[in-house]
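Open your viewer and get ready to click along. We will go stop by stop, and at each one you will be told what to select and what to look for.

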Amino acid sequence: MIADTQPKALVRVPSGIRGFDKILSGGFLRGGVYMILGKPGAGKTILGNQTCYNHVAAGGRALFLTLLSESHARMISYIGQMAFFDRSQIGSSLVYVSGYQALENEGLKGLLGMVRKCVMDHHATLLVIDGLVTAGALASSEVELKKFIHELQLTVELVGCTTLLLTGESNGGEAYPLRTMVDGLVQITFDPIGMGTARTLEVTKHRGSDFLMGRHLYQISDQGIGVHPRTESVLGRNPARPRPAEPLAFGIESLDPMLGGGLEEGSVTLELGAPGTGKTLLGLGFLAEGARRGQPGLYFGFSETPDELKRRADSVGLGLSSLVDKKAVELRWQPPLGLLADVLAEELLERIEARGVRRLFIDGIDGLVSSLVYPDRAGGYFTALGNELRSRGVTTLFSDETSSLFGPEVTVPVSGLNAALDNILFLRHVELRAQLHRLISVVKMRGGPSDSSLREFSITDRGIEVSSSFDSAEAIVTGIARSTSQAPPRKASASPRHKKPSRRRSKK
Ligand SMILES: Nc1ncnc2c1ncn2[C@@H]1O[C@H](COP(=O)(O)OP(=O)(O)OP(=O)(O)O)[C@@H](O)[C@H]1O
Ligand SMILES: [Mg+2]
């Protein structure tokens, strides 16, 4: 007879690992049995311990049972290095028990009896069993192992003790029947990427709950495991654009009218140019102008340090140092080493939220691209990030380097980025009679007034100036001008303003 058919309210038991809980839509379900599957060294033992310490820190009671021959002292000696470790909990809210002897002497039946007793005696609300592979190896048959899991499920469900089974990847797939029995399945693994390694976590099953599908990057450090939900799975769901407001001007006479007054609020613009064309200064100028108009700015870059940026910008009259001192502009710099694009997106949004940022300049889209780890994510990542920034009313400039120094051809080097872009500012160098000239043109990707003529611009100690007509640019690009690259002068370069710059559109 079924005594109670009332649906029970689902209670979440968080892992306390922020990104992981987000993927799990809040955490595990109370009394459920979850399998954490991963190859040796993937971080199962760390994940299990970290969940235990977070659980007891939040007032729960945890039991960590190991079936491995690895001694607790040894395990604790390396877990003890991690930030979540708290020795004072051991022996009180958190107990470590070895099930190895029970398993070896009395088999799975003996182990089950022991687990039941320990869970009851300790009033455990979280149970972690490390080394389930050992139980599998010592089981006389698959049926016996299934029976063990089934009985364990009944016990922990009855007492509301959430259970994590940590187990190695079985090559023969013999864990398959167990995978169908458990309430949830989390796979953690690592892949070689170039000379490095990328660790990924994937929830493939979470009974009774929604979850963020697909693989997400995670890291192991002395902080323990940090899981970073894939940006494209969490951001940019709200396609709302801010209501059209006044465009955000560069404050550069002649350039702003080319853009119809400035950049549209919430738009995403790519500044494309060869090295040294002035991308960083133009971007910093955009932030400085915003700061003077009371719009907080954020610089997010990967190559130049804040001191270098301030020195360079001050030398061309942008007054950046004082704007940084007044906290009207924030400069964030990180060397592009071992970064994860999802962590960068989290940081970016955190700073935007904290300071009410209205203008954002990401100096070097390459820094983000290289931190994607898996390059085929670019389309999804940039679309999600672009949508998110747009819906928050942040106007964004990205800089990117082109290898071709000259020519009317505009190609967006990052495949998949096109979909996220509203405008392209194209900067280039041209040499005329041993003198270097700079040219700028605007390519609007989406509606709105635009003037795509070529203009000459210069960087002087008074700032950035753009010529009011295209005459000087035309003089430069007619026959007498030569590209700074060694390429022979192209035919098209004689009248680039008549030719619509072509764009390569990726079919993503
Ligand atoms: N402080 C740290 N910083 C970075 N990585 C670390 C740190 N401490 C441990 N690791 C990494 O954690 C991994 C070991 O984690 P853990 O012992 O949890 O793995 P496991 O999945 O339980 O492995 P096994 O299958 O052997 O039991 C190793 O790859 C190690 O390089
Ligand atoms: Mg382990």
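Here is a short tour, from the whole chain to its ligand, its sheet and its cores.

**Stop 1: the whole chain.** Before you start, keep in mind that this is a predicted model. Show the chain as a cartoon: there are 16 helices and 21 strands in it. The chain has 508 residues, and 44% of them are buried. If you draw contacts between residues at least 6 apart in sequence, 72% of them join residues at least 24 apart.

**Stop 2: the ligand.** Select ligand 1 and the residues around it: G38, P40, G41, A42, G43, K44, T45, I46, G168, I220, S221 and D222. Which element gives the most to the shell? That is α2, with three residues. Both α2 (44-57) and β10 (215-221) supply at least two residues each.

**Stop 3: the open sheet.** Now select the nine strands that line up as β5-β4-β6-β7-β3-β8-β9-β10-β11, an open sheet with mixed pairing. Look at the edges, where β5 (94-98) and β11 (224-228) each have a single partner strand, so one side of each has no neighbour in the sheet. On average, neighbouring strands here are turned by 25 degrees against each other, ignoring direction. Zoom in on β10 and β11, which pair in the antiparallel sense over five bridges. There you can find L217 standing opposite H228 in β11.

**Stop 4: helices on the sheet.** Next, select α6 (residues 142-159), a helix that lies across β3, β6 and β7. Helix α6 runs at about 125 degrees to β3.

**Stop 5: the nonpolar cores.** Select L284, Y299, L320, V329 and L360 and show their side chains. Within the largest nonpolar core, which has 67 residues, these five touch the most other members. Helix α10 (residues 279-292) brings the largest share of this core, seven residues. What is L360 in contact with, leaving aside its neighbours within four places in sequence? Select L298, F300, I352, L389, V394 and T396 to see its partners.

Finally, pick Y34, L94, L201 and Y218. They are among the members of a second, separate core of 57 residues.

Notes
Residues are numbered from 1 along each chain as its sequence is written. Chains are lettered from A and ligands numbered from 1 in the order in which they are written. This is a predicted model: local features need pLDDT of at least 70, side-chain atom pairs count only at pLDDT 80 or more; totals for chains, interfaces and linings use all residues. Helices (H or I, at least four residues) and strands (E, at least two) are DSSP runs, numbered from the N terminus. A residue is buried if 20 or more other C-beta atoms lie within 10 Å of its own, exposed if 12 or fewer, and partly exposed in between; C-beta atoms are placed from the backbone. Two residues are in contact if their C-beta atoms, placed from the backbone, lie within 7 Å. A residue is near a molecule or strand if its C-beta atom, placed from the backbone, lies within 6 Å of it. Two strands pair if DSSP finds at least two bridges between them. Axes are lines fitted to C-alpha atoms, for helices over the stretch in contact, and angles run from 0 to 180 degrees between N-to-C directions. A nonpolar core is a set of buried Ala, Val, Leu, Ile, Met, Phe, Trp, Tyr and Cys residues joined through C-beta atoms within 7 Å.
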